[in-house]
Amino acid sequence: MTVDEKHKLELKTMYQIIGIYCHNKHHTPKGQLCEECQKVWQYAEHRIDVCPHMESKTFCSVCKTHCYAPTYREKIREIMRYGGPRMLFVSPIQVVRHMYLEWKDRKRNRTSYEN
């Protein structure tokens, strides 16, 4: 997967998860975000756009650099905890890919600690 493809996929996934959260918690129509969630999305989009680790990272949650400001970090965490599991019903292939990449990253980190 190229860096550009990875970037686009991350943006798409983040927007979908925020959309699930917003639709269920703020009762917005599907595909639309309320003002609060739109601000979170714009912030997340900017952070993903300027991510210095896009080539090598798997997910923001396991990244060594915290690029989100503390208030946004907590909000993103809340949104991800809610919307992430519900992605299984929206895009099961993306969820399986995410789980596989996370497993692969953990395995790689475990192996590097053993050597």
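So, His23: this residue sits in helix H1. Keep in mind we're looking at a predicted model. Is His23 buried, exposed or in between? With a relative accessible area of 26%, His23 comes out as partly exposed, because buried would need under 20%.

What does the side chain of His23 reach? That would be the backbone oxygen of Thr28, at 2.5 Å. If we skip the neighbours within four places in sequence, His23 has contacts with Thr28, Pro29 and Lys30. There's also Cys34: eleven residues away from His23 in sequence, and 8.6 Å away in space, C-alpha to C-alpha. And just after H1 you'll spot His27, which takes a positive phi of about 60°.

Okay, the helix itself. H1 has 24 residues, and at 1.5 Å a residue they should span 34 Å; the end C-alpha atoms are 33 Å apart, so that agrees. Several H1 residues are buried, among them His7, Glu10, Leu11 and Met14, and the buried ones pack against H3 and helix H2, residues 35-49.

Now, how do H1 and H3 cross? Their axes come within 8 Å, at roughly 95°. That makes H1 roughly perpendicular to H3, since anything from 65 to 115 degrees counts that way. On the H1 side, the contact includes Ile17, Ile18, Ile20 and Tyr21; on the H3 side, look for Ile76, Ile79, Met80 and Met87, among others. Sorted by class, this contact has eleven nonpolar residues, five polar and four charged.

Technical notes:
Residues are numbered from 1 along each chain as its sequence is written. This is a predicted model: local features need pLDDT of at least 70, side-chain atom pairs count only at pLDDT 80 or more; totals for chains, interfaces and linings use all residues. Side-chain values use heavy atoms; hydrogens and water are left out. Axes are lines fitted to C-alpha atoms, for helices over the stretch in contact, and angles run from 0 to 180 degrees between N-to-C directions. Helices (H or I, at least four residues) and strands (E, at least two) are DSSP runs, numbered from the N terminus. Angles under 35 degrees count as roughly parallel, over 145 as roughly antiparallel, 65 to 115 as roughly perpendicular and the rest as oblique. Contact means heavy atoms within 4.5 Å. Ala, Val, Leu, Ile, Met, Phe, Trp, Tyr, Cys and Pro count as nonpolar, Asp, Glu, Lys and Arg as charged, and the others, Gly among them, as polar. Buried means under 20% relative accessible area, exposed over 50%, partly exposed in between (1.4 Å probe, protein chains only). A polar contact is a pair of N or O atoms within 3.5 Å; within protein, one must be able to donate a hydrogen and the other to accept it, and residues adjacent in sequence count only if both atoms are side-chain atoms. The expected span of a helix is 1.5 Å times one less than its number of residues.
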